[in-house]
Amino acid sequence: MSGPPPGCPAHGTGSGGLRRLYGPDAQDLAGLYEKLRAEHGAVAPVLLHDDVPIWMVLGHGENLHMISNPSVYTRDSRIWTPLLDGTAGADHPLMPLITWQPICSHAEGDEHQRLRGAVMGAMSTINSRDLRRHINHWTQELVNHFCHRGTADLVSQFAEHLPMAVLCEILGMPEEYDDRMVQATRDLLKGTETAIASNEYVMSVLMRLTVRRRAEPAEDFTSHLINHPAGLTDEEVGQHLRVVLLAAYEATANLLANVLRVVLTDPGFRAQLNGGQMTVPQAVEQSLWNEPPFSNVLGYFAKQDTELGGQRIRKGDGLLLGMAAGNVDPHVRPDLKANMMGNRSHLAFGGGPHECPGQDIGRAIADVGVDALLKRLPDVRLAVDEDDLTWTASISSRHLAELPVVFAPASPQDVMERPGVSEVPRPRPDWDLSDPSLEAAPVPRPTIDLPEPPAADPAADPGHRLGAWQRFVRWWRGY
């Protein structure tokens, strides 16, 4: 890979003078992206963990070009030069995200269509009424854990748990929802020393589920995936469950935290929600521009020598899909404060043949969950100054560390009754999660002991579009 010559006056650099996307010099990845954009343009040479070289795609148009041209770029990492020459070994902390697996997002041609057909078929069996019921039930359950205290951390006590609880219901393993599953799923995406062990734990849970549902089918996503005519093997089923779990969970946990943060810190934003000028789904889309749940996706790989963003890309080079950097590309967003409502051309869920399959589940959890939380805690406000909020960042995502809030203490709600949540505005014509006639009939669910919130000072100031399944058809066909 070509790049800056040795000895160039770049700061925080590694081998060959390239900037690192990890370690002490990469604490502010957003700032680093802008330095790279100024130094190299839309595509920049960088270093992954252990100083493994890769290209960082920063431009919005360049990212779209890469993900929309499967004849030039593939997600099959088996052609990646650092993997072939041993530069990136089996113990590399990002291997759980890079290693080729028998999944639709790594396949091509007829095999790609076979696997994607199975995933789409299983997705089509998700009942929107059941999905909304699960979201409402678990929102009320989680809020019940802290509503009587008048204080909470909406990251560790809500945003990190609601998506996992709902996804475990959808996949057919509600008994597996606990704090360990939440933490292992988050950890394996971070490239930490324990990422490989966390990945092994998550896969062991999913493979046990696969074996159980192979023997005893039920009305859940896993059973429908197993019984699809594509005839997936147990390994293929387990790996696709992992794809759905990781994509929908991590994206939604970050999305929930980001939307709630903006609601609590931007008076104008909240006023628009309260006044009806903005719906929760619109607020979600604005957040997807400003704080995409995934910062980068590893990775894409060049199938031939080519050119991208003025850089010479060689066959076997790896590239990062830069969602966060692409969303703030000055060519598409010269004014970052401009309202992006109605514009869904962000990169938050990728695009092309490998667009995120779980995005509508994530949107539904965010839409319904945020609305339900605000109805339960209408006076909720931030318990600290906005400048005191902290973040943890990895190459994959930027995650709000905590969101401490205060509110008037309230009595727990009977979760066996219909949740006291108002109708959620209809965001999509064919996947209606907001029908007020839907009755919640949840069965008893396992509960967990959520962490105590940090001490807080109670006195602190605080157009037309395609429907979900139509988008899935387009996703399946590679548009």
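Hi everyone. Helices (H or I, at least four residues) and strands (E, at least two) are DSSP runs, numbered from the N terminus. Keep that in mind for the loop between strand 2 and strand 3, which is where D51 is found.

A word on where this comes from. The model is predicted, and local features need pLDDT of at least 70, side-chain atom pairs count only at pLDDT 80 or more, while totals for chains, interfaces and linings use all residues. Residues are numbered from 1 along each chain as its sequence is written, and side-chain values use heavy atoms, with hydrogens and water left out.

Let's start with the whole chain. The protein chain has 17 helices and 13 strands. Of its 479 residues, 58% are buried, where buried means under 20% relative accessible area, exposed means over 50%, and partly exposed is in between, using a 1.4 Å probe and protein chains only. The chain exposes about 19,000 Å², and carbon and sulfur atoms supply 51% of that; accessible areas here come from the Shrake-Rupley method with a 1.4 Å probe.

Back to our loop. D50 is found there too, between strand 2 (43–48) and strand 3 (52–57). D50 is not a glycine, yet its phi is positive, about 65°. D51, another residue other than glycine, has a positive phi near 60°. Is D50 buried or exposed? D50 counts as exposed, because its relative accessibility is 52%.

Next, helix pairs. Two packed helices are described by the angle between their axes and the distance between the axes. Axes are lines fitted to C-alpha atoms, for helices over the stretch in contact, and angles run from 0 to 180 degrees between N-to-C directions.

Take helix 10 (residues 195–215) and helix 12 (residues 234–265): their axes come within 9 Å and cross at roughly 125°. That makes helix 10 oblique to helix 12; angles under 35 degrees count as roughly parallel, over 145 as roughly antiparallel, 65 to 115 as roughly perpendicular, and the rest as oblique. The crossing of helix 10 and helix 12 is right-handed, meaning that the near helix is turned clockwise from the far one by less than a right angle.

Which residues meet there? In helix 10 they include V202, L206 and R214, and in helix 12 they include D234, V237 and L245. Contact means heavy atoms within 4.5 Å.

The second pair is helix 6 (residues 128–144) and helix 16 (residues 359–376), whose axes come within 9 Å and cross at roughly 40°. Helix 6 and helix 16 are therefore oblique to each other, and their crossing is right-handed. Among the residues making this contact are L131 and I135 of helix 6, and V368 and A372 of helix 16.

Two last spots. I67 sits in helix 2 (residues 60–67) and counts as buried because its relative accessibility is 3%. How far apart are the C-alpha atoms of I67 and L321? They are separated by 8.0 Å, although the two residues are 254 residues apart along the chain. Leaving aside neighbours within four places in sequence, I67 is in contact with L321, and also with Y300, G350, G351, G352 and P353.

Finally, look at strand 6 (residues 296–302), the place of G299. A cis peptide bond joins L298 and G299, with omega about -15°.
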